[in-house]
Amino acid sequence: MPASSSPRQTAEPVGEAARPVRTRRELKDFVELPYRLHGADPCFVPQLRGDSRRLLDRRRNPFFAYGAAELFTVRRAGRVAGRIAAVDNPRHNAAHQARDGFFGRFACVDDDSVAAALLSAAAGWLRGRGLGTMLGPVDLTTHGECGLLVDGFGSPPAVMMPYNPAYYPGLLESCGLGKAKDLWAWSHDLVSLDERLARIAERVRQRHGLTVRTLDMKDFDAEALRVKHVYDHAWQRNWGFTPMTTAEFAALARRLRGIIDPELVHLAEIAGEPVAVALVLPDANQALPAARGRLSRFGLPVGLVRLVLAARRIDRTRAVLFGVLPRLRGRGIETLLFARAYASIKARGYTGGLELGWTLEDNQDVNQYLVAGGCTHTKTYRIYQRAL
């Protein structure tokens with residue numbers, strides 16, 4: 001069961017109002033808040049501040065070629081006590097014939113009135129753009145960090161997964177937000193796998209004339225497009241999914257290039273067409289705390305050196321993408337990819353465990369497959385909603 005907060009009354013915004021971020025100093029305060037609030041939490045992983053700024057940079061993030069966002073903060077006694085981003089994603093609404101608005105980048109002190117002021121400001125901005133529902137937290141699109149952690153607080157998040165303290169769900173619920181959808185993360189201990197799996201996988205490969213290979217880093221840009229081909233088709237019917245633009249996918253690929261282990265990425269092809277992909281990443285979140293949120297200090301690459309040294313101790317992985325084109329599902333290709341990924345993870349020395357996901361709570365086919373493969377549901381992230 002998801003962890004539940006103590007009952008709260010629906011809060012109304014009081015005290016200082018949320019104000020839009022306008023200056024460079026205000027943007028810096030917006031970015032810094034989670035580090036100040038949660039830096040002492042052993043499960044908090046300080047992301048690189050440069051990555052946070054790039055996400056919000058209208059000149060550098062391809063999302064802003066079609067979407068819009070407004071940042072708000074609430075101050076108490078001169079210091080930022082909460083932050084939020086209100087997001088308008090026209091591509092999502094066109095794809096789903098919806099009038100959804102989103103919020104993300106939520107961080108807040110444990111104070112219902114601060115949360116209410118933030119959510120009221122975000123709702124007002126979205127309402128002013130003609131939107132009818134507010135969903136979140138979502139980092140601009142569902143291809144970024146999604147959901148609020150509501151169960152599984154005992155360990156740090158895996159790479160590209162969010163984290164929040166246990167009081168956050170109560171803040172949103174006090175402001176009248178309710179569940180829209182739960183997202184599940186899974187783990188596999190990598191200790192044992194049925195020996196028959198490799199034999200089954202080989203029969204599947206031969207039966208369908210499949211070629212399975214790892215990522216060619218010398219052809220990285222073209223490889224990224226091959227992965228996108230599978231991603232766009234394999235996830236097209238998933239709740240909330242909207243294909244990324246080519247520019248968005250290229251930007252994501254560039255960001256991941258520095259942490260990709262090409263031996264952990266598998267592409268299955270038939271006659272040269274990519275039909276399935278398994279993208280497993282080393283869990284860079286094990287190393288990130290060493291950088292303390294910055295790659296350099298006073299012009300020296302102190303954080304970068306610490307990060308590189310800490311990366312040598314990474315022993316966990318996360319399966320970010322694991323998909324097969326719809327017309328080929330149910331033919332054992334999933335088993336083939338899982339077997340290849342498992343063998344590569346072990347061969348590369350990542351013995352600390354594998355996280356998979358997220359998956360939708362009601363995706364019974366995938367969830368049952370994971371259970372049958374020895375995976376355990378370990379974390380739950382929730383997308384909340386409220387009518388505008």
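Is Gly357 buried or exposed? Gly357 counts as buried, because its relative accessibility is 10%, and buried here means under 20% relative accessible area, exposed over 50%, and partly exposed in between, with a 1.4 Å probe and protein chains only.

Before going on, a word on the source. This is a predicted model, in which local features need pLDDT of at least 70 and side-chain atom pairs count only at pLDDT 80 or more, while totals for chains, interfaces and linings use all residues. Residues are numbered from 1 along each chain as its sequence is written, and side-chain values use heavy atoms, with hydrogens and water left out.

Back to Gly357. It sits in strand E12; helices (H or I, at least four residues) and strands (E, at least two) are DSSP runs numbered from the N terminus. Leaving aside residues up to four places away in sequence, Gly357 touches Trp184, Arg318, Ala319 and Val320, where contact means heavy atoms within 4.5 Å. Arg318 is 39 residues from Gly357 in sequence, and their C-alpha atoms are 7.8 Å apart. The bond from Gly357 to Trp358 is a cis peptide bond with omega about 20°, and Trp358 also lies in strand E12.

There is another cis bond to look at. It runs from Gly136 to Pro137, with omega near 5°. Pro137 is in the loop between strand E5 (133-136) and strand E6 (148-151). Leu140 is in the loop between E5 and E6 as well, and has a positive phi, near 70°, though it is not glycine. Leu140 is buried, at 5% relative accessible area.

Ala271 has a positive phi too, near 50°. Its loop is the one between strand E9 (265-270) and strand E10 (273-282). With a relative accessibility of 84%, Ala271 counts as exposed.

Now the chain as a whole. It has 11 helices and 13 strands, and 51% of its 388 residues count as buried. The radius of gyration, taken over C-alpha atoms, is 21 Å, which agrees with the value near 21 Å for a compact globule of 388 residues; that rule is 2.2 Å times the number of residues to the power 0.38. Of the contacts between residues at least 6 apart in sequence, 77% join residues at least 24 apart.

A cavity is a set of points on a 1 Å grid over the protein atoms alone where a 1.4 Å probe fits but cannot get out, and lining residues have an atom within 4 Å of a point. Points are joined across faces, edges and corners, and a volume is the space filled by probe spheres set on them.

The largest cavity has a volume of about 90 Å³. It is lined by 13 residues, and those closest to its centre are Asn89, Thr141, Thr142, His143 and Thr242.

The second largest cavity holds about 60 Å³. Its lining includes Leu190, Val280, Ala319 and Phe322. Strand E11 (317-324), helix H10 (333-347) and strand E12 (354-360) each give two or more residues to this lining, and H10 supplies the largest share, 4 residues.

Methods. On a 1 Å grid over the protein atoms alone, a cavity is a set of points where a 1.4 Å probe fits but cannot get out, and a pocket is an open set with protein on both sides within 12 Å along at least five of seven lines; lining residues have an atom within 4 Å of a point.
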